[in-house]
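Please open the structure in a viewer and keep its sequence at hand.

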Amino acid sequence: MAEKTTEEKNELVEDSLARVEEDIQEKVQACIQCGTCTGSCSSAFAMDLTPRQMWRLVQLGQLDEVLHSKTFFLCSACYYCTLRCPRGLPLTETIGALKRLASAKGIKNFKESINFYRTFMETVRRYGRVRELEFMNRYFLSMRNPLFPLRFTSMGLKLIGKGKVPLQVPRLIGEGKFDRLFRKVKELEERA
Ligand code: SF4
Ligand code: SF4
């Protein structure tokens, strides 16, 4: 089979992102704007759009505004809004899709959050769970700023002192145990 040109590959990526956007919109079409999600969210005080406002913008197809807000990146995936939504909408899952979309689009405003999310998923791909020390190393390297880790020194020392960060040697190269599984799911998603 002939190799795809860069242009063809870019078109495929754009098509697949457009399908992800449609899927996100579809998931919250039944929102009735009751505000229960906002009232349930313990992170709402720090968000620039409340969860209810974010879902309205998603319904209206204004994903750019949503992707440039802080709201979905401040979600801690506690699932409380999902449990309480009277329409039974998959809200936390949809926020996960927004995070993946922002990461795929490389939205610059949130480089720290996007790199955090990417490197978190890289360690999950490798072991099926997070290995804290490896995750921290990957995250710091991804920021390409030698001074960046200094911001976390005090917290890191406290966590190590309390035994929350097992001292395992990070493995930064090679295939992850779950890479094939992740690739397969991506293929299935692209075909759907
Ligand atoms: S709780 Fe559900 S229906 Fe109510 S505003 Fe939030 S998403 Fe919409
Ligand atoms: S899952 Fe996210 S948006 Fe929903 S209540 Fe929890 S922190 Fe808030």
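By class, the shell around ligand 2 holds 10 nonpolar, 4 polar and no charged residues. In this classification Ala, Val, Leu, Ile, Met, Phe, Trp, Tyr, Cys and Pro count as nonpolar, Asp, Glu, Lys and Arg as charged, and the others, Gly among them, as polar. This is a predicted model, in which local features need pLDDT of at least 70 and side-chain atom pairs count only at pLDDT 80 or more, while totals for chains, interfaces and linings use all residues. Residues are numbered from 1 along each chain as its sequence is written, and chains are lettered from A and ligands numbered from 1 in the order in which they are written.

Remain at ligand 2 and select Cys41, Cys75, Cys78, Tyr80 and Cys81, which come nearest of the 14 residues around it. A residue is near a molecule if its C-beta atom, placed from the backbone, lies within 6 Å of it. Helix H6 (80-84) and H7 each supply at least two residues of this shell, and H7 gives the most, with 3 residues. Helices here are DSSP runs (H or I, at least four residues), numbered from the N terminus.

Next, select ligand 1. It is surrounded by 14 residues, of which the closest are Cys31, Cys34, Thr36, Cys37 and Cys85. At least two residues of this shell come from each of helix H2 (36-40) and helix H3 (51-59). The shell around ligand 1 comprises 9 nonpolar, 3 polar and 2 charged residues.

Now display helix H7 (residues 91-105) together with helix H8 (residues 111-127): their axes come within 10 Å and cross at roughly 105°. Axes are lines fitted to C-alpha atoms, for helices over the stretch in contact, and angles run from 0 to 180 degrees between N-to-C directions. H7 is therefore roughly perpendicular to H8, a term applied to angles of 65 to 115 degrees. To see the contact, select Lys99, Ala102 and Ser103 of H7 with Ile114, Tyr117 and Arg118 of H8. Two residues are in contact if their C-beta atoms, placed from the backbone, lie within 7 Å.

Proceed to helix H10 (residues 153-161). The number buried among its 9 residues is 0, so H10 lies largely in the open. A residue is buried if 20 or more other C-beta atoms, placed from the backbone, lie within 10 Å of its own. Just after H10, Gly163 takes a positive phi of about 75°.

Finally, view the whole chain, which has 11 helices and 0 strands. Of its 192 residues, 16% count as buried.

Terms used. Parallel < 35°, antiparallel > 145°, perpendicular 65-115°, else oblique. Buried ≥ 20, exposed ≤ 12 C-beta atoms within 10 Å, placed from the backbone.
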